[in-house]
Amino acid sequence: MPKNLLKYQIAISLIPGIGDIVGKKLIAYCGGVQAVFEEKRNALLKISGVGQAVVNSILSQSVFSRAEKEIEFIEKNNIQTFFYTDENYPERLLNCEDSPMMLFYKGSVKLNAPRVVAFVGTRKATNNGRVICDKFIEGLKKKDVLIVSGLAYGIDSIAHKAALSNGIDTIGVLGHGLDRIYPSQNKNLADKMLENGGLLTEFISGTVPDRENFPKRNRIVAGMCDAVIVIESAAKGGALITAGLANSYNR
């Protein structure tokens with residue numbers, strides 16, 4: 001991908017006040033991501049959901065320096081990028097209105113597998129939950145499936161480990177940048193996943209695992225899959241948030 005185009009793609013995702021839905025609307029209205037930054041002020045103000053503050057941020061082009069810094073990180077660490085208009089962007093996510101404009105990926109497998117299944121659940125997994133998760137994933141060994149989860153404690157980690165032990169590719173969706181692993185105890189697991197799967201995030205490097213990032217992470221888990229399986233969860237657990245999102249996406 002031309003470096004200049006990538007700069008614009010990263011930059012638009014960094015503009016304060018622009019979410020994924022409005023960002024895509026801007027790009028469609030202007031005819032391309034670079035065109036957004038070249039559009040006239042009055043034209044931008046006519047777009048629904050775009051106010052003065054957002055237009056000022058676009059026209060100031062202050063996000064370009066951060067985007068260029070991110071490109072340096074990407075090139076240094078062999079990271080792939082997927083913009084929502086790219087051919088290799090997860091095709092199931094394209095059906096979700098609020099899917100991320102930009103994704104960052106480090107791994108060895110393609111994200112558009114014939115079958116993609118997410119396993120989610122409580123961080124405080126019981127032994128029974130562990131056994132059920134292991135058996136469920138073992139049963140998928142010959143189904144040409146990609147296993148997705150969130151690399152958290154509990155069911156997420158169990159699912160990733162079960163996938164690896166059964167020779168199944170697995171993707172961890174992160175609530176932070178690719179410059180770190182959270183929880184840090186899963187660093188060895190994450191390294192193994194890079195050989196038979198990968199790590200995916202919408203967050204640039206330097207993004208810490210703040211609480212508000214994880215519901216956003218969960219929508220990627222739900223949206224990039226054909227099905228989401230909840231092994232066990234508290235009544236108000238994050239796994240049920242993911243399940244609710246999956247239901248809204250008709251998964």
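Asn 78, at 65% relative accessibility, counts as exposed, where buried means under 20% relative accessible area, exposed over 50%, and partly exposed in between, as computed with a 1.4 Å probe on protein chains only. The model is predicted, and local features therefore need pLDDT of at least 70, side-chain atom pairs count only at pLDDT 80 or more, and totals for chains, interfaces and linings use all residues. Residues are numbered from 1 along each chain as its sequence is written, and side-chain values use heavy atoms, with hydrogens and water left out.

The place of Asn 78 is in the loop between α6 and β1 (80-83); helices (H or I, at least four residues) and strands (E, at least two) are DSSP runs, numbered from the N terminus. The phi of Asn 78 is positive, near 55°, in a residue other than glycine. A positive phi of about 55° is also found at Gln 61, which is not a glycine and which lies in the loop between α5 (52-60) and α6 (64-76). With a relative accessible area of 32%, Gln 61 is partly exposed. In helix α2 (residues 20-30) itself, the buried residues are Asp 20, Val 22, Gly 23, Lys 24, Leu 26, Ile 27 and Cys 30.

Strand β5 (residues 170-173) has Thr 170 and Gly 172 pointing one way and Ile 171 and Val 173 the other way, and all are buried. Two strands are taken to pair if DSSP finds at least two bridges between them. On this basis, strand β4 (residues 145-149) pairs with β5 in the parallel sense over 3 bridges, with Ile 147 standing opposite Thr 170 in β5, while β5 is joined to strand β6 (residues 197-201) by 4 bridges, and this pair also runs parallel. The bridge partner of Thr 170 in β6 is Gly 197.

In the loop between β5 and α9 lies Pro 183, which is joined to Tyr 182 by a cis peptide bond with omega of about -5°.

The axes of helix α10 (residues 213-223) and helix α11 (residues 238-248) come within 9 Å and cross at roughly 50°. That angle makes α10 oblique to α11, given that angles under 35 degrees count as roughly parallel, over 145 as roughly antiparallel, 65 to 115 as roughly perpendicular and the rest as oblique. Axes are lines fitted to C-alpha atoms, for helices over the stretch in contact, and angles run from 0 to 180 degrees between N-to-C directions.

A search of the whole structure finds 0 disulfides, a disulfide being a pair of cysteine sulfur atoms within 2.5 Å. Cys 225 is in no disulfide, and the nearest cysteine sulfur, that of Cys 96, is 10.0 Å away. Cys 225 is buried, with a relative accessible area of 1%, and Cys 30 is likewise buried, at 14%.
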